Every structure is written in structure tokens, then in C-alpha cells.
Amino acid sequence: MMAPTTTIETVTIVRPLKVIAFICGFIVIILMILCLASPDWLLADKFRQGLWVHCIAADAEVPLPFNLTEKGGCFSVRSVGYIKAAATFCVFCLLFDLAATAMTACGLYSKDPGDRKSVV
């Protein structure tokens, strides 16, 4: 006579909040790259400024914003503290979001939801 046996099936359910967090993190990465690359943070008539450059149209009327004296073309951004601070915060935001999204991906990749060890 054999002892009775029981079969237990394991069903893996991905927690929806982790998936939503990963998707939001990925969207933030794309938006921060666009934000950092854009020269259109400040727009005026035939003048635009981003975090890294400011561009002036060749036929821009004077006086230019911030009493700039350059003629037409794109130039390095003005050396002002608040522009450098905004650029620094945006770069840190992108780096931290890359790390957080990678950790979320590792959490989604993990097979054991109770395991707190690193999968990398």
C-alpha cells in the first residue's frame, strides 16, 4: 500500500505595481533624455536657451535677453548658477532613475518574491 501524495503547482504572478513602476521609470528615462537634449527651455523672439547652449537667429533684434552681445548662431550657455544647478539636478535625476529602473527590472526578473538577495 502506497502513501497518498499531493502535487502542488506553483503559479508565478508578477505584481502589477512592479510592472507599473518599471514602465513609469522607462518613460521618465526617455523624457529626461529629451529634456537634457533640448535647447528650448527658454524661448523668446528669435532666441532660445537650453541647459547647455543658447541659440540666436541671425536677424534677431537687439537688445537680446540677458544683455547678450553675440550675433547669430549657437553658443555655450551663460555661466549662471541657477542654470548649472538645474543641469546638475537633471543629470542626477536621470542617473538615479536609471539605477531605480534597473533595480525594478531585477525585481521583476527575480523568481522568488521573498528572496531579498541581489540577482545581479
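Visitor: F66: buried, exposed or partly exposed?
Guide: F66 counts as partly exposed, at 40% relative accessibility. This is a predicted model, so the value is computed from predicted coordinates.

Visitor: Where is the place of F66?
Guide: F66 sits in the loop between β3 and β4.

Visitor: What about the phi of F66?
Guide: The phi of F66 is positive, about 65°, although F66 is not a glycine. Most residues other than glycine have a negative phi.

Visitor: And N67, what is its phi?
Guide: N67 also has a positive phi, about 55°, and is not a glycine either. N67 is found in the loop between β3 and β4.

Visitor: Is N67 buried or exposed?
Guide: N67 counts as exposed, with 69% relative accessibility.

Visitor: P65 next. Where is it placed?
Guide: P65 is in the loop between β3 and β4. At 26% relative accessibility, P65 counts as partly exposed.

Visitor: Which residues does P65 touch?
Guide: Leaving out residues up to four places away in sequence, P65 touches A44 and F47. The C-alpha atoms of P65 and A44 are separated by 7.9 Å, and the two residues are 21 residues apart along the chain.

Visitor: Let's step back. How many helices and strands does the protein have?
Guide: There are two helices and four strands. From the N terminus on, the order is α-β-β-β-β-α.

Visitor: How do β2 and β3 run?
Guide: β2 and β3 run antiparallel and are joined by three bridges. They form a hairpin with three residues between them.

Visitor: Which residue is the bridge partner of Q49?
Guide: That is H54, in β3. H54 also stands opposite F75 in β4.

Visitor: How many bridges join β3 to β4?
Guide: Four, and β3 and β4 run antiparallel.

Visitor: On to the helices. How does the span of α2 compare with what 1.5 Å a residue should give?
Guide: The 29 residues of α2 should span 42 Å at 1.5 Å a residue, and the end C-alpha atoms of α2 are 42 Å apart, so the two values agree.

Visitor: Which residues of α2 are buried?
Guide: In α2, the buried residues are I83, A87, C90, L94, D97 and T101.

Visitor: What do they pack against?
Guide: The buried residues of α2 pack against α1 and β2.

Visitor: Which residues make up the largest nonpolar core?
Guide: It has seven residues: I29, M32, L36, L51, A87, C90 and L94. Both α1 (16-37) and α2 (81-109) supply at least two residues of this core.

Visitor: Where else is there a core?
Guide: A second, separate core has five residues, among them F47, I56, A60 and L68.

Visitor: Back to I29. What does I29 touch?
Guide: I29 touches L94, D97, L98 and T101, not counting residues up to four places away in sequence.

Visitor: How many salt bridges does the structure hold?
Guide: Two. In one, D40 pairs with R48, and the closest N and O atoms are 3.2 Å apart. In the other, D59 pairs with K46, with the closest N and O atoms 3.0 Å apart.

Visitor: Where do D59 and K46 sit?
Guide: D59 is in the loop between β3 (53-56) and β4 (73-76), while K46 is in the loop between β1 (42-44) and β2 (47-49). The pair is 13 residues apart and links distant parts of the chain.

Visitor: Why does K46 count as partly exposed?
Guide: Because its relative accessibility is 35%, and partly exposed lies between the 20% limit for buried and the 50% limit for exposed.

Visitor: And D40 and R48, what are their values?
Guide: D40 is at 40% relative accessibility and counts as partly exposed. R48 is partly exposed too, with a relative accessible area of 34%.

Visitor: Last topic, the whole chain. What share of the residues is buried?
Guide: Buried residues make up 19% of the 120 residues in the protein.

Visitor: What does the accessible surface come to?
Guide: About 9300 Å², and 68% of that belongs to carbon and sulfur atoms.

Visitor: What share of contacts comes from residues 24 or more positions apart?
Guide: Such residues account for 42% of the contacts with a separation of 6 or more.

Key: Residues are numbered from 1 along each chain as its sequence is written. This is a predicted model: local features need pLDDT of at least 70, side-chain atom pairs count only at pLDDT 80 or more; totals for chains, interfaces and linings use all residues. Side-chain values use heavy atoms; hydrogens and water are left out. Buried means under 20% relative accessible area, exposed over 50%, partly exposed in between (1.4 Å probe, protein chains only). Contact means heavy atoms within 4.5 Å. Accessible areas come from the Shrake-Rupley method with a 1.4 Å probe; for residues, only the protein chains shown count as cover. A nonpolar core is a set of buried Ala, Val, Leu, Ile, Met, Phe, Trp, Tyr and Cys residues joined through side-chain atoms within 4.5 Å. A salt bridge is a side-chain nitrogen of Lys or Arg within 4 Å of a carboxyl oxygen of Asp or Glu. Two strands pair if DSSP finds at least two bridges between them. The expected span of a helix is 1.5 Å times one less than its number of residues.
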